[in-house]
Amino acid sequence: GNGNADITTMIGLYPMQGAFLRALHQRLEAPLHSLFVENRVVDENGIDIKMLPTLPSNEDLQQLETIIRAELSLSDPREGGGDFSMTTMISECIVEIVERVCSLARGATSGASEDELLHTNNNNKSASTATEELLHDMKVAGVLATLTNHLRTLPDNTFVVPYRPAHSLQHEEAANMCQIALLPAVHEIDSMVKSELLNPLTNVLNKGIASEIAKMHRGAYMDHSSSDSNSYSNNDTQGSFVQDYLAPKYDDIATNILARLPGEYGGKVACTICTFSIYTFLTNASLIRPLGEMGRLRITQDLADLELTLEQLIFKGGGSTPLNQISGGKPYAELRAVRQMLFWGGLENKTLSSEQVSKAFFREVWVKDVRPSTAFHFLFTFAPALLSSPHHACRMNAEEYTGNLVKFDGSVDDGEAKAWMTTMNCCDAYQQRESIDGGVSIGDRRVPAILMIVGPELLRRRRY
């Protein structure tokens with residue numbers, strides 16, 4: 001029957017298809033050998049000296065793009081009678097070639113550890129410059145960013161642009177199918193750049209930022225001028241904490257690091273830094289005890305400065321996402337909510353029971369936007385000194401404790417359950433100490449009970 005004839009035809013065409021694909025692979029692979037060339041240098045004793053590979057020039061990449069486009073144009077609907085299977089078949093071959101390029105690029109990176117990515121300036125600890133290894137890896141990222149741009153414009157440049165101003169639905173359909181078939185190649189490049197360069201770089205930058213933010217615990221928000229000569233508050237000429245410590249750090253990162261990355265990668269790193277910075281700053285600020293009226297005003301001012309500084313970082317880093325939309329808008333919403341939280345007066349009426357205060361607490365508009373841990377820590381600021389601060393209970397400094405709650409990639413969800421366990425342990429220990437206290441310590445004795453009421457509910461709301 002007719003069906004058998006079709007099958008026979010397919011079987012007959014199969015060897016031809018195989019031969020075509022093999023030839024196609026050979027032609028596409030030809031330019032790859034000149035892309036990432038190993039540099040072999042030998043010293044006078046004949047021993048290899050480790051050198052970074054030579055990276056492809058713009059001409060090399062242009063040549064690769066020209067070859068790919070020439071092969072893809074074989075599936076032009078005008079030439080091939082409108083069968084789109086050819087478009088997909090050649091696109092899939094191109095994806096395999098891009099995977100080869102990614103594997104060559106991975107081999108061409110410096111292989112430096114996180115500690116080898118930045119030079120720290122001995123005179124100015126907050127200033128960092130890129131090492132030779134990092135600069136090399138940034139160039140590898142630049143090569144891959146160029147390749148990604150070629151892949152994104154390839155379908156239109158092959159099927160649509162050559163025929164303008166004529167307009168053909170067949171050509172648009174071919175370009176569309178090609179775009180979809182090439183997506184795995186774009187994802188492959190993105191994930192390789194992320195794992196090999198952006199993640200290690202973000203980790204090391206955020207590590208430095210965490211150390212700067214932790215300096216607020218040296219008395220930046222104390223109400224009275226301390227006699228301690230190391231104390232931050234002693235300096236009468238100071239600007240805000242953010243202006244003194246963080247703004248120069250972010251400026252340094254934008255100028256020396258992000259500006260050297262291709263725009264889309266610089267923007268991604270800037271977004272992760274912003275998420276991490278907001279969460280880390282808020283967690284540190286919420287741990288400050290005692291926190292008086294002057295301290296609250298200073299933190300409020302600093303939150304406004306931080307917002308401004310981070311917006312500039314995104315702009316300089318080449319990011320296009322506004323601060324209030326990064327990570328689904330959650331970090332920014334919490335930044336805004338904490339400004340309101342700082343002036344919560346729910347404990348001023350001493351006649352209210354713990355249950356009544358807790359109910360009023362949940363009616364506050366800012367509660368929904370802060371992480372449970374931020375709310376717990378803030379409540380600790382009102383408590384008697386016998387209720388140990390969470391980081392003291394864990395025998396950690398504030399920087400280490402915050403590092404447990406906010407990861408370098410800006411993720412915070414894993415830390416919330418830990419913060420609640422620590423809070424419960426603190427409340428348990430307080431209950432045992434309370435009997436020996438005899439009611440002499442200052443602070444609101446309702447706080448531990450309020451924490452035990454609001455904690456489980458805050459965590460439940462966070463989950464759903």
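Author: A contact, as the word is used here, means heavy atoms within 4.5 Å. The model we are looking at is a predicted one.

Reader: What percentage of the contacts in the protein chain with a separation of 6 or more lies between residues 24 or more positions apart?
Author: The count takes the contacts in the protein chain whose partners have a separation of 6 or more. Among these, the share that belongs to residues 24 or more positions apart is 77%.

Reader: How many helices and how many strands does the secondary structure of the protein chain have, and what share of its residues counts as buried?
Author: The secondary structure of the protein chain comes to 16 helices and four strands. A residue is called buried when its relative accessible area is under 20%, and of the 464 residues in the chain the part that counts as buried is 46%.

Reader: Leaving aside residues up to four places away in sequence, which residues does Leu 313 touch?
Author: Once residues up to four places away in sequence are set aside, its partners are Tyr 250, Ile 253, Ala 254, Leu 258, Ala 270, Ile 273 and Cys 274.

Reader: Which elements give two or more residues to the lining of the largest cavity?
Author: A search of the whole structure finds two cavities of 30 Å³ or more, and about 50 Å³ of space lies in the largest. Its lining consists of Thr 109, Asp 137, Val 140, Ala 141, Leu 144, Met 192, Val 193, Glu 196 and Leu 197. The elements that give two or more of these residues are α5 (132-159) and α6.

Reader: Which element supplies the largest share of the lining of the second largest cavity?
Author: The second largest cavity has a volume of about 40 Å³, and it is lined by Glu 65, Ile 68, Leu 147, His 150, Leu 151 and Leu 154. Both α2 (58-72) and α5 supply at least two residues of this lining. The largest share, four residues, comes from α5.

Reader: Is His 171 buried or exposed?
Author: His 171 has its place in helix α6, and, apart from residues up to four places away in sequence, it touches Asp 76, Pro 77, Arg 78, Phe 159, Val 160 and Tyr 163. Because its relative accessibility is 3%, His 171 counts as buried.

Reader: Which residue is joined to Pro 290 by a cis peptide bond?
Author: Most peptide bonds are trans. Pro 290 lies in the loop between α8 (263-286) and α9 (293-317). The cis peptide bond there has an omega of about -10°, and the residue it joins to Pro 290 is Arg 289.

Reader: Is Arg 395 buried or exposed?
Author: Arg 395 has its place in the loop between α13 (390-393) and α14 (398-405), and its phi is positive, about 55°, although it is not a glycine. A residue is exposed when its relative accessible area is over 50%. Since the relative accessibility of Arg 395 is 78%, this residue counts as exposed.

Terms used. Residues are numbered from 1 along each chain as its sequence is written. This is a predicted model: local features need pLDDT of at least 70, side-chain atom pairs count only at pLDDT 80 or more; totals for chains, interfaces and linings use all residues. Side-chain values use heavy atoms; hydrogens and water are left out. Buried means under 20% relative accessible area, exposed over 50%, partly exposed in between (1.4 Å probe, protein chains only). On a 1 Å grid over the protein atoms alone, a cavity is a set of points where a 1.4 Å probe fits but cannot get out, and a pocket is an open set with protein on both sides within 12 Å along at least five of seven lines; lining residues have an atom within 4 Å of a point. Grid points are joined across faces, edges and corners, and a volume is the space filled by probe spheres set on the points.
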